[in-house]
Amino acid sequence: MTFRVWKWQFWQQIVLSLVLGGIVGALINNFGGGAGTAEDWLDPFGDVYVSLLKVVVVPLVFAAIVVSVGRLRGVGGVARLTGKTLGWFVVTSAIATAIGLAVALVIKPGEGLGALAGETAETEPVTWTQILQNLFPSNIVQAMADGNVLGVVTFAVLFGAALVAIGERGERLTALIDDLYAVMQKAVWWVVRLTPIGSFFLIAAVVASYGPSSLAPLAKFTGAIYLGLALMLLVGYPVLLRAFGRVSPLRFYRNSWPAIQFGFVSSSSLATLPIAQRVSIERNGVRREYANFAQPLGATIKFDGCGAIYPAIAAVFVAQYTGVTLGIGEYALIALAAVIGQIGTGGTPGPALVALTLTLTTVGLPLEAVGYLIAIDKVIDMGRTATNVTGQLTVPVLVARSEGILDDAVFDGRSRPLDAPPSDAVTGTDDDTGAPEKADTPQDRTPQHA
């Protein structure tokens, strides 16, 4: 291996950046001022990298969904694909919530704790009206400016359906939006090449700010969260992928690792979306037209870590900590709020707080206890987001398999490096070779597995 790091493979560069970031963060935490130094010298650079990814998310999501709505008609019934996607979202979220409740009831993370010196939290109950307002914004320009991606998704679906409905008159605008999507993909590729640098600052800031000592007061709670996440990652998703997707879970994780890894470092499903979208198409073999629809939707309303496992365990923790006894009805309400309430969590860093306040409000537990959990939120948010991203990548594989639009040759083949230029969304050519891709027909996508 040469010492010229820029010649290393992309994954090697990222691993090196994470190792160096951890070392630098540990040194700062112990000798260099900790959180203050991280806030002044590390956070700004990490935030800039995440912002670069986020700035392309809204136009990327809008263009991808508008174009994909029309193309879904060539893949299969739009209503059927949407129904299956949402159905699997609910199923996987229900499994994640059940795992969270089971872990909390066994470990009992809130029992035996004295008064914790936690930070205070300004929390307000999250209402179903607010969720509906996010889903159906009155001003799409304002929704884009506010980063309300859920509203952008709704408008993009409506806009794409209208373009299809007017027939030939909408073809020129459709082609223009397709060009916009290609431009956004190219911009994302440029930003992705900065991932090793961004990862260094992100992980260094976390280690420098929190360090191992931050886990001590809530070590039992933190352990319960990571145990629940691990069970979903190592048991829940692999069983679904093997039984319903008929694919190798190990291969899936190998293909999906760049997106899962970046989700862990960035703690943002939306920032990870451009990477996850490429992984879904170019590594997991999900047909482009469907992946361009399913991935943005998943990054907006699919949060197994933040919206299912975490609020389930945290709600039980708050009940145990405050001495509230929960019955079967309360546990059912926790599960219902965790599964359905995910559509209001938004996809930005911090959705877990929204999901938790919604769950606690539904069950009638005190919101003041949320403040005790904030001190370690960043530490556990990394694992939660990695689980979110994994679920967002799992569902398209399951649906694509059931529809016969999963390309096994791509899934089982050599993984395309993420720092390679994206394949052209308009012409269907591969930027590495300039050669046209094979015609993308349903027959070409026939599954190879029995």
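**Ring contacts and a helix end in a predicted model**

User: In this predicted model, which ring does the charged end of Arg384 sit over?
Analyst: The side chain to follow is that of Arg384. Its charged end lies 4.3 Å from a ring centre. A charge counts as over a ring within 6 Å of the centre and within 35 degrees of the ring normal. The ring is that of Tyr310.

User: How many aromatic pairs does the structure hold, and what class is the pair of Phe200 and Phe201?
Analyst: The structure holds 9 aromatic pairs. In the pair of Phe200 and Phe201, the centres are 5.2 Å apart and the planes make 85°. Planes over 60 degrees apart give one class. That class is edge-to-face.

User: Is Phe200 buried or partly exposed?
Analyst: Buried requires under 20% relative accessible area. Phe200 has 21% relative accessibility, so it counts as partly exposed.

User: Which residue do ring pairs link with Phe200 and Phe201 into a cluster?
Analyst: Phe200 and Phe201 already pair edge-to-face. Ring pairs bring another residue into their cluster.

User: How many residues apart in sequence are the parts tied together by Phe221 and Phe317?
Analyst: The ring centres lie 4.9 Å apart with planes at 55°, so the pair is tilted. Both Phe221 and Phe317 are buried. Phe221 lies in helix 10 and Phe317 in helix 14, so the pair ties together parts separated in sequence by 96 residues.

User: Which residue just after helix 4 takes a positive phi?
Analyst: Helix 4 covers residues 78–107. Its span is 43 Å, close to the 44 Å expected. Just after it, phi is about 55° at Lys108.

Key:
Residues are numbered from 1 along each chain as its sequence is written. This is a predicted model: local features need pLDDT of at least 70, side-chain atom pairs count only at pLDDT 80 or more; totals for chains, interfaces and linings use all residues. Side-chain values use heavy atoms; hydrogens and water are left out. Rings of Phe, Tyr and Trp (its six-membered ring) pair if their centres lie within 6.5 Å; planes under 30 degrees apart count as stacked, over 60 as edge-to-face and the rest as tilted. Buried means under 20% relative accessible area, exposed over 50%, partly exposed in between (1.4 Å probe, protein chains only). Helices (H or I, at least four residues) and strands (E, at least two) are DSSP runs, numbered from the N terminus. The expected span of a helix is 1.5 Å times one less than its number of residues.
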